[in-house]
Amino acid sequence: MRMTDLILKKRNGAHLTEEEISFLIKGYVAEEIPPYQISAWLMAVFFKGMSFEETGYLTRAMIASGKVFDLSSLGGPLVDKHSTGGVGDKVSLILAPLAAACGVQVPMMSGRALGHTGGTLDKLDSIPGYQSVISEELFRKGLKEIGFAMTGQSKDVVPADRLMYALRDVTGTVESVPLITASIMSKKFAEGAQSLIFDVKCGAGAFMKTPEAAEELAVSLVETGRSLDRKIVAVITNMDEPLGRKVGNFLEVEESLACLRGEGPEDLMEVTLRLTAWMVVAGGIVPTVEEALDLCKARLADGSAMEKFLENVELQGGDRKALLERENKARPLFYKDITAREEGYVQSIDSYALGLAGIPLGVGRNKTEDSVEPLVGYELMKKKGDSLLKGETLVRIWAESESALKSIEGQVRGAYSIAAEKPTTTPMILKEIKAL
Ligand code: URA
């Protein structure tokens, strides 16, 4: 086989076989095929696309490039969730213990904040003593004894993705749906999940800005999963404004605790319950999403989901008592209330702008080496559709310095759009696509 022929074949719009894709990925990782040839192939994929079967072959070849966690001895059902990333997206912190309380095992390997979106590991690290990156042994223990554990992505998993993503980044081929699909799915399956639920976020603060783009990715994830004989559900959810009312590392842990008591904001509760319910269905615990929703609500009401969360905090070195003592109390030294200059209604909150303003504040980071601040962030007093009187607080910004507050004040105010008319509401769950 010659790489040149595979480039020509894709350039001419034909489908590659599983052997050809495997040759290409193995050759690239072994440094037998040079990056310039892979770059040409990536660009051909960008323009000509890939069938769902081909995307499945690519996913399988990428999984085979590195370590694969076999968690099947833990009993399962092993179901994980992946979100394409949003602002205020703390769903994983609530969903993992809730799904575990319903009988699902959740092997959650997450990332850190980068750019305008937050990271689950940074949120967890804001819990006193918590170790968000743990040994494989402790990860397995958590899964077996509690039903879930949280850790970082192992460097040994899907090395082909790390190499290829770096190349896509510099060759204008990141936004290719089959390449995104294989990149996301290969990591999740290599990490031990048997079935996957995707939260495909759609809106101003999301990777996919339009319903059409979100649906294209959702269909690709589900159909590629089907070609691999996996149970997959993709839920397209609204990301026109931040999810919930708190944005920031510890602030989001606090809001997750409120949700685990059944007292979280409506938008966040709705998205979390729906995604968790699909995990419960995919895990075969109950047959319908309606029954799964009832089970999830019962596990919140009887306190078992909260107990799972706190058991995980202890397993991973955190201090349950210190966490609950700090809840709603631990705040940085400085804050600034951004108030309404006129009466009216909040029309929208630009979550992308808020997310970007969160970087100098310390909610997120520009580069992977940057550090974050655990306590800073935003409390959104007003969200889309809320009425306003002149002088009322829209959002409180928490910062570790006056200068950080000053530097982002204008940007945060600019994220709010206000007008006299009450805006129409957009549902949180926009569409669901399933292969069960
Ligand atoms: N997230 C991933 O993990 N991979 C992509 O290609 C895009 C987003």
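**The cavities and their surroundings**

Tutor: The second largest cavity in this predicted model has a volume of about 30 Å³. Its lining is made up of Ser-92, Leu-93, Ala-96, Pro-97, Leu-124, Tyr-130, Phe-148, Met-150, Phe-309 and Asn-312, and by class these divide into 8 nonpolar, 2 polar and no charged residues. At least two lining residues come from each of α5 (91-101), β3 (148-152) and α14 (304-315), with α5 giving the most, namely 4 residues.

The structure holds 2 cavities of 30 Å³ or more, and the largest cavity contains about 90 Å³ of space. Of the 17 residues that line the largest cavity, His-116, Thr-117, Gly-118, Val-247 and Val-363 are the closest to its centre. The lining of this largest cavity has 6 nonpolar, 9 polar and 2 charged residues. Because domain 2 (72-324 + 430-435) and domain 3 (334-419) both give residues to that lining, the largest cavity lies between them.

Helix α16 gives the most to the lining of the largest cavity, with 4 residues. Helix α16 (residues 351-361) also lies across β9 and β11 (393-399), running at about 140° to β9. Those two strands belong to an open, antiparallel sheet of 4 strands in the order β6-β9-β11-β7. In that sheet β6 (246-247) and β7 (334-339) stand at the edges with a single partner strand each, so one side of each is left without a neighbour. Strand β6 is joined to the antiparallel strand β9 (residues 377-380) by 2 bridges, and Lys-246 stands opposite Glu-379 in β9.

Note on methods:
Residues are numbered from 1 along each chain as its sequence is written. This is a predicted model: local features need pLDDT of at least 70, side-chain atom pairs count only at pLDDT 80 or more; totals for chains, interfaces and linings use all residues. Side-chain values use heavy atoms; hydrogens and water are left out. Two strands pair if DSSP finds at least two bridges between them. Contact means heavy atoms within 4.5 Å. Axes are lines fitted to C-alpha atoms, for helices over the stretch in contact, and angles run from 0 to 180 degrees between N-to-C directions. On a 1 Å grid over the protein atoms alone, a cavity is a set of points where a 1.4 Å probe fits but cannot get out, and a pocket is an open set with protein on both sides within 12 Å along at least five of seven lines; lining residues have an atom within 4 Å of a point. Grid points are joined across faces, edges and corners, and a volume is the space filled by probe spheres set on the points. Ala, Val, Leu, Ile, Met, Phe, Trp, Tyr, Cys and Pro count as nonpolar, Asp, Glu, Lys and Arg as charged, and the others, Gly among them, as polar. Domain bounds come from an automatic or database domain assignment.
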